[in-house]
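User: I would like to learn how to read a structure one feature at a time. Please start with a single residue and build up from there.

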Amino acid sequence: METRIKELRAKHNFTQQDLATKVNVRRETIGFLEKGKYNPSLKLAYDISKIFNLKIEEVFIFDE
């Protein structure tokens with residue numbers, strides 16, 4: 001799975017730690033998400049999308 005998290009963080013001037021704090025996960029989790037090495041729970045995907053005021057599918061690109 002690909003994500004736009006890094007791009008969106010940059011647009012909002014968030015560090016990985018800033019975003020991690022907002023969604024209550026460790027900074028490393030955000031790093032793993034950005035590298036495509038971790039699939040988020042539905043709740044985490046929702047929480048991250050809500051921070052950026054986007055739909056889940058606008059943040060996460062699900063491979064078919």
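Analyst: We can start with R9, which lies in helix α1. Keep in mind that this is a predicted model.

User: Is R9 buried or exposed?

Analyst: The test is the relative accessible area, and buried means under 20%. R9 has a value of 10%, so R9 is buried. Setting aside neighbours within four places in sequence, R9 is in contact with F14, T15, Q16, L19, I30, E34 and F52.

User: Which residues does Q16 contact?

Analyst: Q16 is in helix α2, and its relative accessibility of 17% means that Q16 counts as buried. Beyond its neighbours within four places in sequence, Q16 is in contact with R9, R27, I30, G31 and E34. With E34 there is a polar contact between the two side chains, at 2.9 Å.

User: How do I describe two helices that pack together?

Analyst: Two packed helices are described by the angle between their axes and the distance between the axes. For α2 and α3 the angle is about 110°, and the axes are 8 Å apart. These two helices are therefore roughly perpendicular to each other, since angles of 65 to 115 degrees fall in that class.

User: Which residues make the contact between α2 and α3?

Analyst: From α2 they are Q16, Q17, L19, A20 and V23, and from α3 they are R27, I30, G31 and E34. Sorted by class, this contact has 4 nonpolar, 3 polar and 2 charged residues.

User: What is the general idea behind a nonpolar core?

Analyst: In soluble globular proteins, nonpolar side chains tend to be buried together. Here the largest nonpolar core has 15 residues, and those with the most contacts inside it are I5, I30, L33, I48 and F60. The elements giving two or more residues to this core are α1 (5–11), α2 (16–23), α3 (27–34), α4 (42–51) and α5 (56–59).

User: What does I30 touch?

Analyst: Not counting residues up to four places away in sequence, I30 touches I5, R9, Q16, L19, A20, V23, V25 and I48. R9 and Q16, discussed above, are among them.

User: Which residues of α4 are buried, and what covers them?

Analyst: An α-helix has 3.6 residues a turn, so residues three or four places apart point the same way. The buried residues of α4 are L44, A45, D47, I48 and S49. What covers these buried residues includes α1, α2, α3, α5 and β2 (60–61). Just after α4, N53 takes a positive phi of about 60°.

User: What is the relative accessible area of L44, and which residues does L44 touch?

Analyst: L44, in helix α4, has a relative accessible area of 7%, and so L44 is buried. Leaving out residues up to four places away in sequence, L44 touches V23, V25, T29, L33 and Y38. L44 and I56 are 12 residues apart along the chain, with their C-alpha atoms separated by 9.9 Å.

Conventions
Residues are numbered from 1 along each chain as its sequence is written. This is a predicted model: local features need pLDDT of at least 70, side-chain atom pairs count only at pLDDT 80 or more; totals for chains, interfaces and linings use all residues. Side-chain values use heavy atoms; hydrogens and water are left out. A nonpolar core is a set of buried Ala, Val, Leu, Ile, Met, Phe, Trp, Tyr and Cys residues joined through side-chain atoms within 4.5 Å. Buried means under 20% relative accessible area, exposed over 50%, partly exposed in between (1.4 Å probe, protein chains only). Helices (H or I, at least four residues) and strands (E, at least two) are DSSP runs, numbered from the N terminus. Contact means heavy atoms within 4.5 Å. A polar contact is a pair of N or O atoms within 3.5 Å; within protein, one must be able to donate a hydrogen and the other to accept it, and residues adjacent in sequence count only if both atoms are side-chain atoms. Axes are lines fitted to C-alpha atoms, for helices over the stretch in contact, and angles run from 0 to 180 degrees between N-to-C directions. Angles under 35 degrees count as roughly parallel, over 145 as roughly antiparallel, 65 to 115 as roughly perpendicular and the rest as oblique. Ala, Val, Leu, Ile, Met, Phe, Trp, Tyr, Cys and Pro count as nonpolar, Asp, Glu, Lys and Arg as charged, and the others, Gly among them, as polar.
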